[in-house]
Amino acid sequence: MEQKAILGNINFFRAQKTAEKMLELRLITRVEYVRFKTLNAEKFSPLYSDLFPKTVDNNTEQS
């Protein structure tokens, strides 16, 4: 794995953990978290971007 891909994966997981903590502390809603997760995958780790939905279900429960 090349260095750029490794750094992308590290940044992806760091950002993901930060978002999870923000959700846990109720600083963001569940909908915001899902949107963030999708954008994070697109920005940092194309390998993971297909694992996340492209749209957010507006009926999702908000925290």
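A salt bridge is here a side-chain nitrogen of Lys or Arg within 4 Å of a carboxyl oxygen of Asp or Glu. By that criterion the side chains of Lys 21 and Glu 24 meet in a salt bridge, at 3.3 Å from N to O, and the structure holds 2 salt bridges. The model is a predicted one, in which local features need pLDDT of at least 70 and side-chain atom pairs count only at pLDDT 80 or more, while totals for chains, interfaces and linings use all residues. Residues are numbered from 1 along each chain as its sequence is written, and side-chain values use heavy atoms, with hydrogens and water left out.

The chain has 3 helices and 0 strands, where helices (H or I, at least four residues) and strands (E, at least two) are DSSP runs numbered from the N terminus.

| Residue | Relative accessibility | Class |
|---|---|---|
| Lys 17 | 57% | exposed |
| Glu 20 | 31% | partly exposed |
| Lys 21 | 42% | partly exposed |
| Glu 24 | 57% | exposed |

The side chains of Glu 20 and Lys 17 meet at 3.4 Å, N to O.

H1 and helix H2 (residues 30-44) pack at an angle of about 175°, with their axes 9 Å apart; the axes are lines fitted to C-alpha atoms, for helices over the stretch in contact, and angles run from 0 to 180 degrees between N-to-C directions. That angle makes H1 roughly antiparallel to H2, since angles over 145 degrees count as roughly antiparallel, under 35 as roughly parallel, 65 to 115 as roughly perpendicular and the rest as oblique. With contact meaning heavy atoms within 4.5 Å, the residues of H1 that meet H2 include Phe 12, Glu 20 and Leu 23, and those of H2 include Tyr 33, Phe 36 and Phe 44. Leu 23 counts as buried at 12% relative accessibility, and Leu 23 and Tyr 33, 10 residues apart in sequence, are 6.7 Å apart in space, C-alpha to C-alpha.

Technical notes. Buried < 20%, exposed > 50% of the residue type's maximum accessible area, 1.4 Å probe, protein only.
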